[in-house]
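Please look over the sequence and the three-dimensional model shown here before reading on. The briefing below is meant for a reader who meets this structure for the first time.

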Amino acid sequence: FGGIGAVATRPSARGQGFATLALKQCEDVMRARGYRVAILFCSMVEFYQRLGWAVVKEEWTGFELSRSRARTRHRISQVDFAEIPPAIRDLSDSTSAIVRSEELWQEYGDWPREDPDLFLATFHGEQPVAYVRGRRDRHRGKGIRLMDDACQNGHEEALLPLLDQQRQVVSGDASARFHAFLSAEHSVAKVLVSAGIHLSLQRTTPEVGVMMIKPLQKESAAGFLNVDEFNGHSPWSPRTWWAVDRF
């Protein structure tokens, strides 16, 4: 499958069907490549529903970190988007389905959707073993949106200190409210629960970020994925299906 990112129309040109035309062209290109499903994230649900897109029901996890004693024997450092160490690109979270290609890393730098000072990594010597990317949640005051995380197997203990460092950047000595799209099996969720932190599950809203999909081929096609399958018991939370081949 493929995905669509960053759709916008100049205010003076809105209401004339330009975005609809561009979206249709993207869908045609994906169909020609044999893709079966298209994915996007949006806050304009009604607009996309009129074009045949369907909402995927998701739960997002909220949790609070107060001033803690989370410690790591490794070094924590901010990562510069302009100079992302190649070794960070090779990190993989064993519970995630995301493959971060060179092109996607380039997009992270060209079109940042997080705050640069919340892109932190844990290093063992010069080797990165974990990282987190985050964004300040303007809707929630001292809140943080956990955008992405990854760690090498065996280094899950590095994740909580990284989140605690994000909390300190945003809130200093005060507590901070996080929210993230984490399944119960995600390594971060497991680390948090094992540390005695309560997780609360809530439904996605347009303010948080709604995931939508659209069929591109006939449902009779072998291996077809529809919205019911995304809303069912996928091996990962739906958001980790986010495509790396976008337009």
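Predicted model: local features only at pLDDT ≥ 70, side-chain atom pairs only at ≥ 80, totals over all residues.

Residues are numbered from 1 along each chain as its sequence is written, and side-chain values use heavy atoms, with hydrogens and water left out. The secondary structure of the chain comes to 7 helices and 11 strands, where helices (H or I, at least four residues) and strands (E, at least two) are DSSP runs numbered from the N terminus. Of the 247 residues of the chain, 44% count as buried; buried means under 20% relative accessible area, exposed over 50%, and partly exposed in between, with a 1.4 Å probe and protein chains only.

**The open sheet**

- An open sheet is formed by 4 strands in the order β1-β2-β11-β3, with mixed pairing; two strands are said to pair if DSSP finds at least two bridges between them.
- Because β1 and β3 (54-56) stand at the edges with a single partner strand each, one side of each is left without a neighbour in the sheet.
- Strand β1 (residues 2-3) pairs with β2 in the parallel sense over 2 bridges, and Gly3 has Ile39 as its bridge partner in β2.
- Strand β2 runs antiparallel to strand β11 (residues 210-215), to which 6 bridges join it; Ala38 stands opposite Lys214 in β11, and Val37 stands opposite Pro215 in β11.
- Strand β2 (residues 37-42) is mostly covered, with 5 of its 6 residues buried.

**Helix α1 and Glu27**

- Together, β1, helix α1 (residues 18-32) and β2 make a right-handed β-α-β unit; right-handed here means that, with the strands pointing away from the viewer, the path from the first strand over the helix to the second runs clockwise.
- Glu27 is found in helix α1, and this residue is buried, with a relative accessible area of 5%.
- Not counting residues up to four places away in sequence, Glu27 touches Trp53, Lys214 and Leu216, where contact means heavy atoms within 4.5 Å.
- Although Glu27 and Ile4 are 23 residues apart in sequence, they are 8.9 Å apart in space, C-alpha to C-alpha.

**Two nonpolar cores**

- The largest nonpolar core has 24 residues, and those with the most contacts inside it are Phe63, Leu65, Leu160, Leu163, Phe178, Val188 and Leu192; such a core is a set of buried Ala, Val, Leu, Ile, Met, Phe, Trp, Tyr and Cys residues joined through side-chain atoms within 4.5 Å.
- The elements that give two or more residues to this core are β4 (59-65), β7 (127-137), β8 (143-151), α5 (159-171), β9 (176-180) and α6 (187-194), and α5 gives the most, with 5 residues.
- Leaving aside its neighbours within four places in sequence, Leu65 is in contact with Leu160, Leu163, Asp164, Arg167, Ser175, Ala176, Phe178 and Ile197.
- A second, separate core of 16 residues includes Ile4, Leu40, Met212 and Leu216.

- In helix α4 (residues 102-110), the buried residues are Leu104, Trp105 and Tyr108.
- Asp115 lies in the loop between α4 and β6 (120-124) and is buried, with a relative accessible area of 13%.
- Not counting residues up to four places away in sequence, Asp115 touches Gly134, Arg135, Arg136 and Arg138.

**Cysteines and contacts along the chain**

- The structure holds 0 disulfides, a disulfide being a pair of cysteine sulfur atoms within 2.5 Å.
- Cys42 counts as buried at 9% relative accessibility, and Cys151 is buried with a relative accessible area of 1%.
- Among contacts in the chain between residues at least 6 apart in sequence, 76% join residues at least 24 apart.
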